[in-house]
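Please report on the backbone pairing, the salt bridges and the pocket of the structure below. Give the cut-offs behind each term.

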Amino acid sequence: IYVSNRKQAPPPQKVYASISALPWGTVDEVVGADGKAVSVGKRTPVAILLPPGQYTIRMTGPKGQKRSDQFIVINNQSSYHATFEPIDVEKLLNAY
């Protein structure tokens, strides 16, 4: 029988990842590199508690557009931003 005195490394500490979209989007799910999915179902902006690592984010835009992008969570400053529709500055200025 072999007994090890080594302690297992603690699990990585979770951090908040900020997710935003322009004009807005719904975060459908976030999938880790291990294939485990976290169902979110919330509109942006969203902060999600995740351990550091690589993720795939799946989102739906305001007109039903679908996106699937990869992003990396390192620390509490980690963020992801998607642009579904760029802001039309001329249109906004002409509206007033």
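**Model and confidence**

This is a predicted model, in which local features need pLDDT of at least 70 and side-chain atom pairs count only at pLDDT 80 or more, while totals for chains, interfaces and linings use all residues. Residues are numbered from 1 along each chain as its sequence is written, and side-chain values use heavy atoms, with hydrogens and water left out.

The pLDDT is the predictor's confidence in each residue, on a scale from 0 to 100. Its average over the chain is 88, and 94% of the residues score at least 70. Helices (H or I, at least four residues) and strands (E, at least two) are DSSP runs, numbered from the N terminus.

**Strand pairing**

Two strands count as paired if DSSP finds at least two bridges between them. S2 has antiparallel pairings with two strands: 5 bridges join S2 to S3, and 6 bridges join S2 to S5. S2 is mostly covered, with 5 of its 7 residues buried (buried means under 20% relative accessible area, exposed over 50%, partly exposed in between, with a 1.4 Å probe and protein chains only).

S2 and S3 form a hairpin with 4 residues between them, and Gly 35 in that turn has a positive phi of about 90°. A second hairpin is made by S5 and S6, with 5 residues between them; here Gly 64 in the turn has a positive phi of about 85°. Strand S5 (residues 53–60) and strand S6 (residues 66–73) are antiparallel and share 8 bridges. Within this pairing, Met 59 has Arg 67 in S6 as its bridge partner.

**Cis peptide bonds**

The peptide bond from Leu 22 to Pro 23 is cis, with omega near -5°. Pro 23 sits in the loop between strand S1 (15–22) and S2. The bond from Thr 44 to Pro 45 is also cis, and its omega is near 0°. Pro 45 belongs to the loop between strand S3 (37–43) and strand S4 (46–50).

**Salt bridges**

Side chains of opposite charge can pair when their charged atoms come close. A salt bridge is taken here as a side-chain nitrogen of Lys or Arg within 4 Å of a carboxyl oxygen of Asp or Glu. The whole structure holds 3 of them, listed in the table.

| Pair | N to O distance |
|---|---|
| Arg 58 and Glu 29 | 2.6 Å |
| Lys 63 and Glu 85 | 3.7 Å |
| Arg 67 and Asp 69 | 2.8 Å |

Arg 58 and Glu 29 meet through their side chains. This pair links distant parts of the chain, with Arg 58 in strand S5 and Glu 29 in strand S2, 29 residues apart. Arg 58 is partly exposed at 34% relative accessibility, and Glu 29 is partly exposed at 22%.

Glu 85 and Lys 63 form another of the salt bridges. This pair also links distant parts of the chain: Glu 85 is in the loop between strand S7 (79–83) and H1, Lys 63 is in the loop between S5 and S6, and they are 22 residues apart. Lys 63 is exposed, at 66% relative accessible area, whereas Glu 85 is partly exposed at 26%.

Arg 67 forms its salt bridge with Asp 69. Arg 67 is partly exposed, with a relative accessible area of 29%, and Asp 69 is partly exposed at 22%.

**Largest pocket**

A pocket is an open set of points on a 1 Å grid over the protein atoms alone, where a 1.4 Å probe fits, with protein on both sides within 12 Å along at least five of seven lines; lining residues have an atom within 4 Å of a point. Grid points are joined across faces, edges and corners, and a volume is the space filled by probe spheres set on the points. The largest pocket has about 170 Å³ of space.

Its lining includes Lys 14, Asp 34, Lys 36, Leu 49, Gly 53 and Tyr 55. S4 and S5 each supply at least two lining residues, and the largest share, 3 residues, comes from S5. By class, the lining has 6 nonpolar, 3 polar and 3 charged residues (Ala, Val, Leu, Ile, Met, Phe, Trp, Tyr, Cys and Pro count as nonpolar, Asp, Glu, Lys and Arg as charged, and the others, Gly among them, as polar).
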